[in-house]
Amino acid sequence: MNIIPKKSLGQNFLLDKNIIKKVCDNGNISEKDYVLEIGPGTGNLTETILLKKPKKLYVIEKDKRLIEHLNKKFKDSIVVINEDILQYKFNELNIKNLIVFGNLPYNISSQILVKFIKHNRKDFTFKKLIFMFQKEVAERILAKDNTNLYGRLSIFSSWKFNIKKIMDIEPSSFYPKPKVTSTLLIFEPKSNYIEFKNSNNLEHITNIFFNQRRKMIKKPLNIIFKNPKKVADELKLDVKLRPQNLDKNTFYKICLIYEKLIK
Ligand code: SAH
């Protein structure tokens, strides 16, 4: 195959057959399942997923050169969609309980994750997301409160999903080799989570807190609320704490109060 990988599209193709098999096995795919793969690239993982005989396999790939290659390689056995995943409207697919795989393009991996979190709703849940990130991003996603990596991404990701780390993957498993180690995470939807009027409000609030992560929370509370003392009292918050000292639930509660006040 004569496709020169494009750095701008985060193209690092997974070559290690053992790793590809492990990634695929984590989907627990049965013949009843609908599967979606983000950025199939040259189709290495795609090929392995197909061996599990899912009901249908959709792939979304932005690079036109790869679309041709995928159509030739897989013919009618998969549905190839030539789109930018960040622009894609899931409603077009109109399938619930999708199992989603993605060795994600690393420059936009958190944006892709946020899109999936926003779209996962009580009436439209993904069955599972099996996503690969740069290790450093995976650590931020998994971070607990009171640690330096804890922040917006940890709080947003855990809102609707239980997240588990499967494994690290070394650069030598890819072509071309990325500069950093990768990490495979699996996201399973929580059966219960706090509903917000608008998920942008949670992003807005955590942005304000973590833009100045070393400052005491007194400051962001002052920015967000007309009556910050009342909010601090209601949640029994010590305003001398730093944002990273508040657990995820506290941020969800702050968001609820914010939404009540703005109506
Ligand atoms: N899954 C493949 C390739 C991973 S590399 C493998 O493991 O071998 C990332 C892939 O995402 C590339 O194929 C790249 O072209 C594609 N990609 C990059 N940006 C994209 C976007 N915005 N929408 C859809 N696909 C994208």
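Domain bounds here come from an automatic or database domain assignment. I opened the predicted model with that in mind.

**Domains.** I looked up the division first. The protein splits into domain 1 (8-189) and domain 2 (199-261). I then checked the spacing: their C-alpha centres are 32 Å apart. The contact between them takes 16 residues from domain 1 and 16 residues from domain 2.

**Cores.** Next I went through the nonpolar cores. The largest holds 58 residues. L36, F116, F131, F133, F187 and F209 have the most contacts inside it. A second core of 24 residues is separate, and I noted V59, Y106, I169 and F174 among its members.

**F187.** I set aside its neighbours within four places in sequence. F187 then touches L113, K128, L129, F131, F133, I141, F161, N162 and I163. Two of these partners, F131 and F133, I had already listed with F187 for most contacts in the largest core.

Last, I turned to the largest pocket, with about 440 Å³ of space. It is lined by 30 residues, and L9, G39, E61, N103 and P105 are the closest to its centre. Which elements give two or more residues to the lining? I found β1 (13-14), β2 (34-38) and α2 (44-50). I sorted the lining by class: 14 residues are nonpolar, 11 polar and 5 charged.

Key. Residues numbered from 1 in each chain as written. Predicted model: local features only at pLDDT ≥ 70, side-chain atom pairs only at ≥ 80, totals over all residues. Heavy atoms only, no water. 1 Å grid on protein atoms, 1.4 Å probe; cavity = no way out; pocket = protein on both sides within 12 Å on 5 of 7 lines; lining within 4 Å. Points joined across faces, edges and corners; volume = space filled by probe spheres on them. Helix = DSSP H or I, 4+ residues; strand = E, 2+ residues; numbered from the N terminus. Nonpolar A, V, L, I, M, F, W, Y, C, P; charged D, E, K, R; others polar. Core = buried A, V, L, I, M, F, W, Y, C linked by side-chain atoms within 4.5 Å. Buried < 20%, exposed > 50% of the residue type's maximum accessible area, 1.4 Å probe, protein only. Contact = heavy atoms within 4.5 Å.
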